[in-house]
Every structure is written in C-alpha cells, then in structure tokens.
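Here is a short tour of the aromatic rings in this protein, written for reading alongside the model. Have the 3D view open and follow along.

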Amino acid sequence: MKSAKKTTLLFFLLFATLSEVNAQKKINEGIATYTATYELTAQQLLYADQLPKEIICYFRGDSTAAIVNQGNFTIKGVSVLKANYYSMLIDIPASSKKIAVVLTPAEIEEEKAANPHFTGTKRTEMQIINGYNCTKVSIADAKNSATYDIWITNDIDIVPNSVSKLVSEFGGVPVKFITFNRGIKISAELIEIKEIPIPAGFFTATKDYQSMSFDQLKALPAN
C-alpha cells in the first residue's frame with residue numbers, strides 16, 4: 001500500500017512539473033521586437049530605404065506603442081485595440097518639432113478597411129522558431145482569396161499590437177507571419193521579448209507636442 005501511495009505521489013509530482021514547464025506565460029508588460037521585410041511594387045521601391053527593418057513594440061496592459069525610426073524622424077504609434085484608439089507621436093529632431101495626432105473613429109475604420117480580413121485553419125505541423133514552440137496556421141484573405149502560412153505559439157500570452165493585430169485571432173501569439181500596412185505586404189518575425197517595466201506616461205504625449213489632425217499631418221511638406 002505504501003509503495004502504491006509513493007508511486008502515486010511521484011506521478012503527481014512529475015505531472016505537476018511537466019505542467020509547469022508547458023504552462024503558458026502571461027506577460028503583461030515589456031518590449032517585443034520584430035524583424036520586417038517588405039514586398040514592394042516598382043513605385044513603392046522608391047521608398048524602400050525609409051521602411052524599418054526592425055520594429056519595437058512596447059506594451060503594458062491593453063496599451064501598445066510601436067516605435068519606428070524613419071531616419072530623420074521617429075514615429076511612436078500608440079494603440080489601445082479594445083478601445084479602438086490610435087495615435088501617432090512624431091519626433092523630428094532636425095526641426096525641433098514634436099507632433100501628436102489622434103485618429104478619429106472614422107479614420108481608424110478607413111485604415112482597417114484598407115487591410116485584408118483573414119480567416120484561419122490551424123494545422124498539425126509544428127516547429128521551434130526563436131525558442132518558441134510554434135504551430136502552423138493557414139490563413140486566407142476573404143477579399144481576394146490569397147492564402148498564407150503563419151506560425152503561432154502558446155508558450156506566451158501578450159496583448160496584440162499594431163504589427164501582429166491582423167493575425168492575432170487564431171489561438172496564439174504570432175511569431176512568424178504575414179501582415180499588411182496601407183497595402184504593403186510585410187513578412188514579420190518575433191525575435192525577442194523583454195519583460196521589463198514601461199515608464200509612466202510612455203503612451204501619452206507630453207506638453208511639448210503640437211496637436212494636429214491626420215489631414216493636417218498628410219498636408220505637411222514631405223521634407
């Protein structure tokens with residue numbers, strides 16, 4: 001009887017240990033870094049040098065901010081997806097300008113309408129990508145029937161951001177995937193997550209930012 005109890009206890013401890021190893025890790029605050037490559041038309045190739053090869057996304061709770069360095073200026077795109085909120089904080093050191101733009105609900109919907117609407121089917125294929133156990137998902141664009149394969153993980157749980165949001169509804173965190181931004185196809189890959197505190201006020205504009213509408217921003221001279 002003691003032997004049976006001992007065996008049961010050892011089995012329970014082993015099961016508990018394995019469960020802890022395979023448990024999903026919820027990360028509420030930190031930085032996600034993505035690499036990005038682009039599929040461009042001949043006309044878009046003129047701007048290839050301006051497109052970032054790396055995108056850094058800060059997140060805390062439901063708030064995220066993607067930092068993109070465009071050479072002469074930096075854009076912090078702040079999203080709260082559950083609240084349908086999006087803003088751009090633009091820093092232009094050469095001209096000592098700081099611009100804050102908050103998109104209206106209509107402008108946000110216009111941006112969404114320009115992007116694909118994906119449906120997905122989870123497959124059985126698995127592989128390890130950048131240390132994450134990933135499962136393949138085949139996705140299809142409902143607008144034009146284009147299909148792609150992406151890879152998601154359940155090793156971690158982080159809030160969707162402006163890079164991953166289009167493919168974040170398929171049961172896991174996107175690790176290697178296709179996304180789109182204003183008609184540009186992007187191949188993105190999650191290469192690192194740092195679980196660190198985000199400074200207070202990081203997702204809001206300070207007093208030295210000039211408020212501007214999206215239309216006013218688009219009307220500014222290119223240089």
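The notes below cover ring pairs first, then a cluster, then charges over rings.

The model is predicted. Rings count as a pair when their centres lie within 6.5 Å, and by this rule there are six aromatic pairs. Two of them involve Phe 118 and are described here.

**Phe 118 with Phe 180**
- Here the ring centres are 6.4 Å apart and the planes stand at 40°, so the pair is tilted.
- Phe 180 sits in strand S12 (residues 173–181) and Phe 118 in strand S8, so the contact ties together parts that are 62 residues apart in sequence.
- Buried means under 20% relative accessible area; Phe 118, at 9%, therefore counts as buried.
- Phe 180 is also buried, with a relative accessible area of 16%.

**An aromatic cluster**
- Tyr 58, Phe 202 and Phe 203 come together as one aromatic cluster.
- Within that cluster, Phe 202 also has Lys 76 over its face, at 3.7 Å from the ring centre.

**Another charge over a ring**
- Take a look at Phe 214 too: the charged end of Lys 218 sits over its ring, 4.6 Å from the centre.

Technical notes:
Residues numbered from 1 in each chain as written. Predicted model: local features only at pLDDT ≥ 70, side-chain atom pairs only at ≥ 80, totals over all residues. Heavy atoms only, no water. Phe/Tyr/Trp six-rings, centres within 6.5 Å; stacked < 30°, edge-to-face > 60°. Helix = DSSP H or I, 4+ residues; strand = E, 2+ residues; numbered from the N terminus. Buried < 20%, exposed > 50% of the residue type's maximum accessible area, 1.4 Å probe, protein only. Lys NZ or Arg CZ within 6 Å of the ring centre and 35° of its normal.
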